[in-house]
Structures are given as structure tokens and as C-alpha cells.
Amino acid sequence: MSKTVGATILIDCMERKVEEDVRQPLSSSEQVMSEVHLGCPPNHSGPHLSHFTISLPLPHENSTLRGNADAVGDISISASTSFDLDEDGDPILTRRKKSPSHHLVLTIQHNITSSIPKVGLQVWRAELVLADFVLHVMSMSSDFDKVVALELGAGTGSGVKSQSISGLVGILLARAAKTVFITDHGDEVLENCDKNVDLNAEIFHGKASVHVRELDWKDSWPPQETDTSPSKGRYSWTQSETEELKKASLLLAADVIYSDDLTDAFFSILKKLMSDNPEKVLYLAMEKRYNFTLDDLDVVANGYSHFRSYLITEKADDARCNLLDSASEPFFVGEQIDLRCIPCYVRDYNRGNDVELWKIKLKS
């Protein structure tokens with residue numbers, strides 16, 4: 001039996017019961033594969049190059065939409081328009097030529113399968129959903145123009161990485177942003193991100209700066225200047241970069257919620273990063289992963305429940321909201337974004353029914 005298993009198996013290795021069988025937790029050497037890679041060559045090991053085609057609005061459509069988000073093309077026919085008639089007296093209409101397609105192609109290096117500690121070398125579905133969102137905002141408004149942005153990959157120093165830090169979202173954002181910091185933990189994952197930045201540098205706008213940097217969620221922030229460990233040399237932060245990051249207004253993360261420990265570390269570093277600027281906003285895409293647990297004797301998404309415990313939403317009960325209003329500690333406010341309003345710009349992938357997109361801010 002192949003050791004490759006679908007990505008629907010929980011990455012945090014929780015126990016799963018199938019019929020009367022209880023599957024043991026996945027070992028660190030077990031191979032997992034993202035659904036995004038199902039069309040890739042089987043039994044391929046090592047880095048693989050995939051080409052992601054992105055549909056974009058035509059240039060004239062883009063300028064119209066950005067100038068007026070509610071603009072609707074006038075499809076009515078003027079009363080003064082004249083037509084040639086055929087022998088039956090019907091108007092002869094000239095078929096409009098099909099508009100030329102406007103798209104770009106991203107080349108992304110990734111692994112088709114990986115062990116649990118190296119899932120960050122793959123591309124996962126939530127990252128493509130987040131890419132759709134970023135592309136939609138860039139086509140409809142100037143909100144992301146000239147921003148300083150941070151893409152949070154992940155890593156806690158515990159051998160578990162985030163699931164989607166190919167850099168794809170940060171690379172797309174560099175078409176509009178002033179500066180993009182793409183972060184993760186561990187040299188192999190960081191080197192893969194760096195490679196992808198180089199492969200796609202031609203799509204950046206002329207003055208964009210893209211930096212691949214190491215960010216361990218359990219480390220102090222900002223990083224200590226005295227930290228000179230070998231693993232951090234090439235991807236370490238300079239003092240000017242940490243100062244620039246304070247100006248960041250946009251944070252992005254995809255598929256970083258799948259274990260309680262990692263979620264705790266994520267919100268810990270998020271509070272540090274967002275506390276110096278109340279205008280910072282995080283857009284987080286995640287996939288709910290269901291698993292049968294012996295504790296609950298049911299199929300549940302435990303990682304998701306823990307994630308939601310950190311957020312206050314508009315639907316929170318009044319008592320809890322009043323309690324937080326009087327609290328001295330900052331808290332996170334979350335708003336779920338309706339994905340039905342976000343077109344699919346990335347071609348040839350299935351969003352599924354379990355991916356969610358959240359807008360999160362820190363309130364004090």
C-alpha cells in the first residue's frame with residue numbers, strides 16, 4: 001500500500017477512526033500530498049515546476065473597475081444605430097470578435113509529496129483562494145497599491161511548518177505593493193521561496209522590493225541583533241527591514257491553522273506584529289480539516305474550533321462583547337469574507353467547500 005495519503009488527512013496527526021479501525025498518528029516520515037498536485041507526475045521525488053495560469057481583467061476593463069467598482073458596461077443599443085437588412089427584412093448583425101485573453105503564468109517550484117515537517121514545500125488549496133482574493137482586490141481598487149506587506153508562512157522551531165509558503169501570494173502582490181516580506185522557518189523552505197521569487201521577478205512592478213526572511217513564531221520580535229545562528233544568516237532581518245515592517249498595513253497567511261500549538265504560536269506573533277499599528281489587517285485563508293476523534297466520538301474540526309476561540313465576530317453575544325470592551329488586553333476581531341463574491345482568477349483548481357477566508361484586526 002502506498003505511503004502517499006490524501007491531504008484530507010489531518011496534518012497535525014490526530015487519530016482517525018475509519019469504520020472499526022483506528023489509524024495511528026502519521027509519523028514524521030509519512031508522505032502527504034496536496035490535492036493541488038493530483039495532476040503532477042506520479043512517483044516524482046524532489047522539486048517540480050508547475051505553471052499556474054492567472055486570468056486577469058483586460059487593461060481597459062481594469063482601469064474602469066478601479067475607477068468605479070460599481071461600473072457596469074453599457075450593453076444597450078442606441079436608437080440611432082442603423083443596420084443592413086437581409087432579404088426577409090431582419091437586421092444583419094456582425095458578430096463581435098472574441099476579446100483577446102489577458103493572463104499571466106506563474107512558475108512555482110514545489111514538491112509533489114513531502115513528509116509532515118516539510119509540507120511547506122507544497123502548494124495547498126487555501127493559498128490559491130488567497131491568491132484569488134488578492135487579485136480581486138488589485139483589479140477592483142488601489143487598496144494594495146504601494147503597501148508594505150507581510151506574508152506569514154510559519155514555523156515554530158518544533159518541526160512543523162505551515163502548509164503553503166511557496167510565495168505565490170506574495171509574488172502576485174508584488175505587482176502592486178511597494179515592499180513584500182515573505183516569511184517562513186527553515187532553510188529548505190526559505191530557499192524554495194527564494195527560488196520562486198527569482199523565477200517570477202519579471203511580473204513585479206518596477207519599484208517593488210521582495211524579501212524572503214525567516215520568522216520563527218516562538219522567537220522574540222523584533223529579532224535580537226546579537227542572534228547570529230548559522231541558519232539565519234542569509235534570511236536574517238536587517239534593522240532597516242524591521243523598521244519598515246512596522247509600517248506594514250497588510251498581512252497575509254494561508255493554511256497555517258491545523259494544530260492547537262501552532263495556532264497559539266500564530267496568534268502570539270500576530271499580536272506582536274499588529275500591536276504597533278492599529279490599522280494593520282490580516283487576511284487569512286484556511287481549510288477546515290475534519291477527523292474522527294475518540295475523545296468526541298464524532299467527526300470534528302478541532303483545529304478550526306481552537307482558531308475560532310481567538311476571534312470575536314459581529315455575531316458574538318452581547319455579554320462577551322461587553323466583557324471584552326472593558327478588558328485591558330487587546331483582542332482579535334474577525335469577519336468572514338463571502339467567497340462567492342470572489343471570482344476564480346487562478347485557473348484549473350477546485351476550491352471545495354471547506355476553505356474559508358477571514359479578515360482579522362487587533363482591537364484594544
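Two strands count as paired if DSSP finds at least two bridges between them. Helices (H or I, at least four residues) and strands (E, at least two) are DSSP runs, numbered from the N terminus.

What you have open is a predicted model, where local features need pLDDT of at least 70, side-chain atom pairs count only at pLDDT 80 or more, and totals for chains, interfaces and linings use all residues. Residues are numbered from 1 along each chain as its sequence is written, and side-chain values use heavy atoms, leaving out hydrogens and water.

**Stop 1: the sheet.** Select the eight strands that form an open, mixed sheet, in the order E12-E11-E10-E13-E14-E19-E18-E17. E12 (209-214) and E17 (311-312) sit at the edges with a single partner strand each, so one side of each has no neighbour in the sheet.

**Stop 2: E14 and E19.** Now pick residues 281-287 (E14) and 355-363 (E19): they run antiparallel, joined by six bridges. Look for Tyr283, which stands opposite Lys359 in E19.

Stop 3: Contact here means heavy atoms within 4.5 Å.

**Stop 4: Thr242.** Jump to helix H5, residues 239-245, and find Thr242. Is Thr242 buried or exposed? Thr242 is buried, at 12% relative accessible area (buried is under 20%, exposed over 50%, partly exposed in between, with a 1.4 Å probe and protein chains only). Leaving aside residues up to four places away in sequence, Thr242 touches Trp221, Pro223 and Trp237.
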